[in-house]
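Subject: Handing over the structure

Dear colleague,

I am passing the structure on to you, and my notes on what was found in it follow below. Please read them with the sequence and the model open side by side.

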Amino acid sequence: MSALAPTKKKILLNAFNMNCVGHINHGLWTHPRDNSTQYQSLEYWTELAQLLERGLFDGLFIADIVGVYDVYQDSVDVTLKESIQLPVNDPLLLVSAMAAVTRNLGFGLTANLTYEAPYLFARRLSTLDHLSRGRVGWNIVTGYLDSAAQAMGLKEQIEHDRRYDQADEYLEVLYKLWEGSWEDDAVVNDREQRIYARPDKVHKVEHQGEFYQVSGYHLCEPSPQRTPVLFQAGSSERGLVFAGRHAECVFISGQNKAATKAQVDKVRASAVAAGRNPEDIKIFMGLNVIVGATEELAWKKHAEYRSHASAEAGVAHFSASTGIDFAQYELDEPIQYVKNNAIQSATKHLQNNDWTRRKLLEQHALGGRYFTVVGSPQQVADDLESWIAETGLDGFNLTRIVTPESYVDFIDLVIPELQRRGSYKTAYETGTLREKLFHQDRKLPARHTGAAYRR
């Protein structure tokens, strides 16, 4: 009797989006089939959520930024003309509406802890976790823009590693509120005895730290997950230490499989160093997909998209990510690496001083610099499976290029091919976002640092 074939690893998928016009692939808002300028309407988001749930996406990952991109040309001119993540609305306010029209789709929400008081932020996330019945995740960011720091009353951005020191303490406060303030059986909802919650089961949090001083009870009763699923995207040395301790999902950017595998291995090693299992972190890579019924049609669509993209807007965005004004360089003049408090993984690529503005413009031909897969459904499926198999990735954050067309094409053409191969689910599992992603309890596992704060 032959042995059973091993079960194929199921690819995880988030749609990558932002509450704005231009997100990653800049200039595509000018495409006649793009509707991203309708981002201010609830219908834009509820229809997107329903579309993604039809495609069995695990989640909608919503990026966010505090501050504006004003490094390129030392102004916001290109940023405003091309709507490079400006204007940008609050991501958290979208969830209630989208949760009301879906039953399974998760929501990964970006919020900058540097400018949010942990006590009130804990209530906002618990509220959304209640309203969505446990489908909320938080993408933890500390910021990197001087424009944000100045807008929030600081002279300049807090130093990179120091921001992570503050983030560690911020998470400690949140764990105390989410995990330790209310016991599981605190709420009895007993009308006859007139007791909704037992006073002996609800505890005041006392925290006196370097960055935060909190004395108070968590304002919410325990939500389905208590602590939302924790996302993080830092890939610097200090960011990896933070991820190993806190993150359940990590978002990385990859341009080739060898470098991506190395990054995946580093993330998993960081989890082990923190006393966790390497599989305790799901790792997603940002990805563009342009698919057509045939390879020829896919490349035709790619050419059409490129004709609307703005490479300059992409480079202006990258300027803010690196803190370097690329506009000051001639087209073929080598760009000088400058160490600063911007995104370290972005500046790392410039350290050899072998980049030029022309080379950056070529890299941003589609308006952004994410790796792009182009082809027929079979070719795209081949590529996605090979990335998973050769790098150790768990899934992808699928960008929008033309919205909602990019997602419609993927759902109608690629998803059925992946399902046919056994590489993608054919139905949602029951439970919260954490249960769906990890096939475990809805709460943080015991080996996660946050679990230590439970009563």
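The side chain of Asp-185 makes a polar contact with the side chain of Lys-201 at 3.4 Å, where a polar contact is a pair of N or O atoms within 3.5 Å, of which, within protein, one must be able to donate a hydrogen and the other to accept it, and residues adjacent in sequence count only if both atoms are side-chain atoms. Please bear in mind that this is a predicted model, in which local features need pLDDT of at least 70 and side-chain atom pairs count only at pLDDT 80 or more, while totals for chains, interfaces and linings use all residues. Residues are numbered from 1 along each chain as its sequence is written, and side-chain values use heavy atoms, with hydrogens and water left out.

Asp-185 itself is found in the loop between H6 and strand E5 (187-190); helices (H or I, at least four residues) and strands (E, at least two) are DSSP runs numbered from the N terminus. With a relative accessible area of 37%, Asp-185 is partly exposed, a class that lies between buried (under 20% relative accessible area) and exposed (over 50%), computed with a 1.4 Å probe on protein chains only. Leaving aside neighbours within four places in sequence, Asp-185 is in contact with Arg-198 and Lys-201, contact meaning heavy atoms within 4.5 Å.

Axes are lines fitted to C-alpha atoms, for helices over the stretch in contact, and angles run from 0 to 180 degrees between N-to-C directions. On the H4 side the contact involves Pro-118, Tyr-119, Phe-121, Ala-122, Leu-125 and Ser-126, which meet Tyr-170, Val-173, Leu-174, Leu-177 and Trp-178 in H6. By class, the residues of this contact of H4 with H6 are 10 nonpolar, one polar and no charged, with Ala, Val, Leu, Ile, Met, Phe, Trp, Tyr, Cys and Pro counted as nonpolar, Asp, Glu, Lys and Arg as charged, and the others, Gly among them, as polar.

A second pair is formed by helix H8 (residues 257-273) and helix H13 (residues 377-391), whose axes come within 9 Å and cross at roughly 50°, and that makes H8 oblique to H13. Here Lys-257, Thr-260, Lys-261 and Val-264 of H8 make the contact with Ser-386, Trp-387, Glu-390 and Thr-391 of H13, and this contact of H8 with H13 has two nonpolar, three polar and three charged residues.

Two loop residues may also be worth a look. Arg-226, in the loop between strand E8 (213-216) and strand E9 (229-232), is buried at a relative accessible area of 5%, and its side chain reaches the backbone oxygen of Glu-179 at 3.4 Å. Gly-143 lies in the loop between strand E4 (136-141) and helix H5 (146-151) and is buried as well, with a relative accessible area of 17%. Not counting residues up to four places away in sequence, Gly-143 touches Asn-112, Gln-157 and Arg-163.

With kind regards

Key:
Parallel < 35°, antiparallel > 145°, perpendicular 65-115°, else oblique.
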